[in-house]
Amino acid sequence: MFCHRFAALAAASTLALAGVAHPAATAAPSSALPDTARVNARWTPVTDAAGRVWAGRSGFNTSANRSDGLRSTDVVGTDDDVLYQANLFGVTGWSTPLATGIYRVRLLMAEDYHTLPGRRVFDVSAEGRTVLTGVDIVAGAGARHRAYDRSFEVAVSDGRLDLGFVARADKALVSAIEVVPAPPTPTPSPTPTPAVSAMTFSHDHSGGGLAPLRAGTSWLFRAGAGDSRSEVFWGTQEAGRICLQQGTTVTAEFDLKHRFTNPVTGAKPSPRTWHTIFQLHGPVKAGGVWPTPPLTIAWQDGTYRIGGGAAVPDAQGGTVPMGSWYRPYLPSPEDTWEKIKVQAYLDGPGRGWVSVWVNDKLYIDRWKPVGGTMYTNSGNYSHKEINLKSGLYTGTDSPDWTRWAEQRNMKVSWTGPQGEGRAAL
């Protein structure tokens with residue numbers, strides 16, 4: 001079927017902020033203290049592509065050392081190479097004066113030495129509270145010489161922001177730090193969330209997959225022997241499928257319970273077998289070509305995995321294969337209800353990002369899959385219009401027994417060029 005633009009269902013959106021308690025009211029900041037800070041690793045100021053000035057090195061512990069190993073390197077995943085081409089290693093602390101308020105802190109990093117994950121790992125604290133654990137630049141960026149950012153929010157009430165860095169392997173590294181006021185928590189809309197049924201004519205089941213079954217707010221998806229799918233598209237028969245565009249932030253939430261082991265013998269699927277449970281997917285192209293999904297959540301070898309786009313556009317309007325990216329992040333028990341939340345910003349390499357929560361705990365924080373893409377608009381991998389799809393889709397050495405996944409309380413929200421909206425299945 002054709003992909004129609006889905007009208008916004010409600011002029012409301014929800015901002016997910018992890019790990020920060022927002023007070024009901026915040027005292028007005030003192031005019032004597034700043035509410036913004038930007039600093040880079042050099043002794044001299046630099047200016048970014050947006051014309052903002054980043055002050056020269058200040059506020060760091062005196063034992064930190066500077067490296068200019070990326071001075072003449074084209075840093076992948078950013079238009080602001082100047083912010084990543086110098087770094088400080090051996091950082092243990094940073095402090096700056098700030099007015100009372102709630103701030104978003106962004107750490108900018110690019111590895112210039114190690115080539116393998118696990119060689120440089122560190123934790124970060126803010127105002128005495130751990131905010132990031134296991135920061136691994138190579139693992140997060142996919143390779144060295146690539147931009148990698150981590151962000152968090154923190155409340156400041158004593159006139160200074162104090163950050164701490166604890167090395168777990170080698171020494172902590174930072175290229176630049178940005179601190180800006182956090183956006184205000186939006187006031188919830190009193191408008192109730194409308195329920196949107198999946199289109200009955202857009203069930204997608206093939207191979208050994210069975211048609212999805214609905215009971216109230218729960219959906220049962222069943223995959224039969226071999227590679228198969230049992231899925232539904234989000235949308236309505238009247239408006240068509242929900243379609244998202246580049247520059248959209250989309251949030252999906254659902255509860256999940258599944259069983260993929262053999263119910264008789266207890267045998268487990270091959271470690272190579274994947275079971276996709278949620279997708280952001282481009283519409284089918286002429287000739288039946290499906291673009292690689294910009295985002296999938298899947299179960300494989302006992303863990304949830306986040307994955308997606310396998311090609312990026314080139315200057316000639318074609319695509320360059322980059323290999324599917326994925327990131328295991330948490331063991332996935334069977335026969336147990338778990339709460340899943342995923343938020344993604346749909347854009348190209350180094351700009352698009354994804355965050356994942358499991359049981360209200362943040363496991364992936366705005367990770368940018370530089371080696372892949374959350375959006376591309378050229379070639380067979382075009383994501384010009386992106387659909388939402390839930391269910392069970394299995395492949396690669398799929399076993400010969402029936403597997404199932406049940407999802408309930410499924411809801412999505414989005415904001416972007418096509419407007420704002422919310423929907424529930």
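Four strands form an open sheet in the order S1-S13-S7-S10, and their pairing is antiparallel. At its edges lie strand S1, residues 37–40, and strand S10, residues 148–156, each of which pairs on one side only. On average, neighbouring strands of this sheet are turned by 15° against each other, with direction ignored. The model described here is predicted.

Within the sheet, the pair S7 and S10 can be followed in detail. Strand S7 covers residues 101–109, and nine bridges join S7 to S10, the two running antiparallel. To find one point of this pairing, look at leucine 108, which stands opposite aspartate 149 in S10.

In total, the protein chain has 32 strands and one helix. The chain has 425 residues, and 52% of them count as buried.

A single residue can now be examined. Strand S17 spans residues 228–233 and contains glutamate 231. Is glutamate 231 buried or exposed? Its relative accessible area is 1%, so glutamate 231 counts as buried, the limit for this being under 20%. Which side chains does the side chain of glutamate 231 touch through polar contacts? One is the side chain of arginine 229, at 2.7 Å. Another is the side chain of glutamine 279, at 2.8 Å.

Key. Residues numbered from 1 in each chain as written. Predicted model: local features only at pLDDT ≥ 70, side-chain atom pairs only at ≥ 80, totals over all residues. Heavy atoms only, no water. Pairing = 2+ DSSP bridges. Axes fitted to C-alpha atoms, helices over the stretch in contact; angles between N-to-C directions. Buried < 20%, exposed > 50% of the residue type's maximum accessible area, 1.4 Å probe, protein only. Polar contact = N/O pair within 3.5 Å; in protein donor to acceptor, adjacent residues only side chain to side chain.
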